[in-house]
Protein chains: 2
Amino acid sequence: MFKEVTTLLPQEDIIYLGDTARIPYGTRSAQTIIKYSMKNTKFLLSRGIKLLVVACNTSSAVSLPHLQHGNAIPILGVIEPGARKAAQVTKNKKVGVIGTEATLRSRAYEDSIHGIDHQIKVVGQPCPLFVPLVEEGWVDDQVTYLTAQSYLYPLQEEKIDTLVLGCTHYPLLKDVISEIMGDRVYLVNSAMETAEEVKKVLEGKDLANKEARERLYTFYVTDNADRFIKVGERFLGTELRGVREINW
Amino acid sequence: MFKEVTTLLPQEDIIYLGDTARIPYGTRSAQTIIKYSMKNTKFLLSRGIKLLVVACNTSSAVSLPHLQHGNAIPILGVIEPGARKAAQVTKNKKVGVIGTEATLRSRAYEDSIHGIDHQIKVVGQPCPLFVPLVEEGWVDDQVTYLTAQSYLYPLQEEKIDTLVLGCTHYPLLKDVISEIMGDRVYLVNSAMETAEEVKKVLEGKDLANKEARERLYTFYVTDNADRFIKVGERFLGTELRGVREINW
């Protein structure tokens, strides 16, 4: 998401928070995900942000209305933009959604897609091993290929023509996923769709920065900055500097 | 660990705490692991326990002295018993240790083994995918076999004759690990060794329960009891009842 937003909005400052002391959220209960997400939101609001993107699919799926409630700035999740894209591109009205256990359990993508077109069949599949595989850096390993084959088989059987990559980590596996699903299945990158939405909202509300000056990126993590840098650099393909640990 | 302790000490009540709101510990910093472990310890001490086993290898490796400090009851970790067994069984003085990133980084097994015999060569290998594979239930899957082959290859190259399964989840993979390492490599189950140690300490301090009565097992988790029950029943091979969620 960081990459997508900074590419599309190169003139905006970014304050990024990674809750590395309490991830992964995908296996937690809704109650705990909401609690953690509210704490993260409070911290970012205290930094004087003008717009908040909940870049984690699990947090978006489970806690977005709770985070938006009573807050004056725009708070965007990744579900709605991804769902909209999926509903728009599917031709046979069969959409697959892959994500964490909590994202699938919430049925957020399904509800959102059905809000647009209730005739679309939505087939969900949790893929718990994808995040650890990406974090291990095994993005083009045979182990990852076999794991993906196993998870994606039910979606192939359903003959979906559109697949939502419903977790921050999954776009890093798009080559493997695409190889298994075939060229005819459109892969929706929720992060990319959300970055477009951020741009639209900033421009619509006249909040976009028009000054041409050096951008400022600030990274906060709640634990283990070293590991965050190692994994983060793999995501971004560039050096990560100035990561600060905050202690709650 | 629960299984090993209840098998060896069937007359003892057990109070179990699973910190399911904040696991996995294996990728966290030492500072955070200590903080979480102290909170867990405080909770269990408040239940009036007579002995505490830190059943998590990561927590034992990183935080045990901090937990023991100033506490009157015996607090046992899993590292020392596992290390002792490894030092005792190795013939060629080459011991492998597999565990989480944090356990390996702490060098706790290495230090403990060298405290017994400094001539033993200790070769460590973190295996971050083993926990999610076990939690997914893929204990005899080809994916798990290939993953184990990749992780264990450096240990085979070192010609170790003893391998410490240094994480709660790894004994569930012992068939796969044994198939790869071969019959001549002795697999040390730290949980089993620790249960023996618990028995010894309870008897040595005259703390063992001698009454023949129905045992009481109480399970607390900090989040998502449903998932804990699902995964826990796979570990124990028996039904898990009366799991209570506590909200910190």
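Author: The domain assignment divides chain A into domain 1 (2-77 + 193-245) and domain 2 (79-190), with bounds that come from an automatic or database domain assignment. This is a predicted model, in which local features need pLDDT of at least 70, side-chain atom pairs count only at pLDDT 80 or more, and totals for chains, interfaces and linings use all residues. Residues are numbered from 1 along each chain as its sequence is written, while chains are lettered from A and ligands numbered from 1 in the order in which they are written.

Reader: Which helix gives the most to the side of domain 1 of chain A that touches domain 2 of chain A?

Author: In chain A, 21 residues of domain 1 are in contact (C-beta atoms, placed from the backbone, within 7 Å) with 23 residues of domain 2. On that side of domain 1, α3 (57-68), α10 (190-204) and α11 (225-236) of chain A each supply at least two residues, helices being DSSP runs of H or I with at least four residues, numbered from the N terminus. The one that gives the most, with 5 residues, is α3(A).

Reader: Is A:L146 buried, exposed or partly exposed?

Author: A:L146 lies in helix α8 (residues 142-157) of chain A, and, leaving aside its neighbours within four places in sequence, A:L146 is in contact with B:Q142 and B:V143. A residue is buried if 20 or more other C-beta atoms, placed from the backbone, lie within 10 Å of its own, exposed if 12 or fewer, and partly exposed in between. Because A:L146 has 16 other C-beta atoms within 10 Å, A:L146 is partly exposed.

Technical notes. Two residues are in contact if their C-beta atoms, placed from the backbone, lie within 7 Å.
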